[in-house]
2 protein chains.
Amino acid sequence: MEVGAERLASPAEVADAVRRGILAGELVAGQRLVEAELSESLGARRGAVRTALIDLTHEGLVERIANRGARVRVVSVEEAIQITEVRMMVEGLCGAKAAERISDDEIADLQALGDRMRACVDHGDVVGYSRLNQQLHETVIRIAAQPVAAEVIGQLRARNVRHQFRLAYRPGRPQASLPQHLAIIEGLAARDPEAAQAAVRAHIASVMTALRESDPA
Amino acid sequence: MEVGAERLASPAEVADAVRRGILAGELVAGQRLVEAELSESLGARRGAVRTALIDLTHEGLVERIANRGARVRVVSVEEAIQITEVRMMVEGLCGAKAAERISDDEIADLQALGDRMRACVDHGDVVGYSRLNQQLHETVIRIAAQPVAAEVIGQLRARNVRHQFRLAYRPGRPQASLPQHLAIIEGLAARDPEAAQAAVRAHIASVMTALRESDPA
DNA sequence: CGCGACCAAATTGTCAACAATTATGTGTGA
DNA sequence: TCACACATAATTGTTGACAATTTGGTCGCG
């Protein structure tokens with residue numbers, strides 16, 4: 001272990017730090033991201049910061065203008081809705097594919113997951129529910145076994161972190177989404193691609209509605 | 001104008017050159033892309049080549065392994081099908097949105113485009129038809145005015161260039177796709193989102209079928 | 001002959017200095 | 001006071017040299 005010398009952060013670590021900053025609201029939309037400043041505050045070389053910012057630009061979280069630097073990208077509610085709309089289609093596809101491929105064990109796992117979600121809502125455990133929610137979506141995508149679709153969804157979700165976050169803790173949201181989540185599980189358990197796809201779409205459509213209500217501007 | 005000194009290619013130009021090479025088949029799948037070699041052959045600094053390769057990696061055209069360099073990414077038929085499947089969903093969404101927003105002028109333009117496509121097929125003008133085909137897809141996406149969806153589709157198409165290309169010149173393809181294209185135009189002209197979406201999906205589904213037949217391995 | 005250690009070549013990765021560009025401030029004349 | 005030119009500072013972009021890593025081959029040994 002070295003003494004006195006801070007370990008230098010790699011590009012990936014810098015990118016993570018900036019992502020977390022955006023999610024936590026420390027880095028506000030539109031804020032400038034000066035390479036030298038980040039370099040010092042994170043203990044990384046400027047080259048690493050530069051690379052990280054380029055990566056984040058490709059992820060849609062950061063906006064870079066030639067010779068004028070990077071800033072935190074403003075994702076408007078309008079854009080968040082469009083992102084969610086695309087996600088609705090792609091994740092619907094995953095729902096259908098998953099229904100075709102799902103195994104008995106996976107059905108049992110999902111139903112257990114559904115029970116736990118119900119319990120969380122009963123006990124008012126919002127953070128636990130949010131975690132299970134994410135787990136459900138990930139599981140569906142994993143079962144679908146469509147790497148391309150999974151990648152696209154990952155990109156879309158990364159861009160929307162801020163809005164997803166805001167939404168998850170709105171009062172009443174868990175109660176509203178629970179039956180939709182259960183419907184997804186039901187469609188998959190029945191191995192009915194159409195039903196699963198419709199359930200996924202209905203759920204994400206309701207997310208879109210919530211987004212619209214959250215900020216009609 | 002400088003004498004004797006080749007103008008140095010920018011990262012964007014290097015990326016274009018590599019893309020063209022892949023499309024033209026000069027750069028075969030799996031081929032190594034050595035930074036120093038490209039640097040010399042294209043008259044670019046190694047840094048520019050490096051940047052270009054990183055960009056192409058994000059586009060999914062190139063695969064990079066740490067300390068082992070970049071190679072032309074192999075897009076299997078299986079993956080091409082998955083890509084097309086996602087594109088079917090997202091472009092279907094664009095079809096529906098376009099049907100809601102299309103103007104009278106745009107309807108007229110599309111119908112003229114449809115007539116020209118018919119003419120190309122009648123005269124056996126494959127290359128002309130291929131160009132109009134692309135123009136139709138682009139027009140639908142433009143009318144839909146969904147930047148996020150447009151971006152996703154762009155990424156997916158970039159990855160598939162090689163397979164798209166192979167397919168376009170298969171005998172019988174134009175004859176098969178013409179009625180599908182006309183159905184898309186018809187759905188849009190009727191301002192019927194459901195019909196337009198279904199027509200787009202049907203068309204792209206037939207592309208998927210053609211992909212499967214092209215190489216069942 | 002097989003196999004591991006070691007060396008040399010090829011290639012990618014990093015860095016610190018420098019160049020280029022853009023933003024900011026300052027003074028000057030009408 | 002306003003507009004404009006000009007100098008200065010802040011910031012990003014590029015480069016060539018060097019470091020680190022991987023690869024392929026060769027030698028020696030059992």
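Chain B can be laid on chain A with an RMSD of 0.1 Å. The model is predicted.

**Symmetry and interface**
- In chain B, Met89(B) has the C-alpha nearest the axis, at 2.9 Å from it.
- Of the interface residues of chain B, 100% are also interface residues in chain A, so the copies meet through the same surface.

**Helix pair in chain A**
- Helix α4 of chain A spans residues 77–101, and helix α9 of chain A spans residues 193–214.
- Their axes come within 7 Å and cross at roughly 165 degrees.
- Angles over 145 degrees count as roughly antiparallel, and α4(A) and α9(A) are therefore roughly antiparallel to each other.
- The crossing of α4(A) and α9(A) is right-handed.
- The contact of α4(A) with α9(A) is made up of 16 nonpolar, five polar and six charged residues.

**Surface near DNA strand C**
- DNA strand C is surrounded by 13 residues.
- The closest are Arg45(A) and Asn67(A) from chain A, along with Val34(B), Glu35(B) and Gly69(B) from chain B.
- By residue class, the surface near DNA strand C holds six nonpolar, four polar and three charged residues.

Conventions:
Residues numbered from 1 in each chain as written. Chains lettered and ligands numbered in written order. Predicted model: local features only at pLDDT ≥ 70, side-chain atom pairs only at ≥ 80, totals over all residues. Axes fitted to C-alpha atoms, helices over the stretch in contact; angles between N-to-C directions. Helix = DSSP H or I, 4+ residues; strand = E, 2+ residues; numbered from the N terminus. Parallel < 35°, antiparallel > 145°, perpendicular 65-115°, else oblique. Left-handed = near helix turned anticlockwise from the far one by under 90°. Nonpolar A, V, L, I, M, F, W, Y, C, P; charged D, E, K, R; others polar. Near = placed C-beta within 6 Å. Least-squares fit on C-alpha atoms with pLDDT ≥ 70 in both. Contact = placed C-beta atoms within 7 Å.
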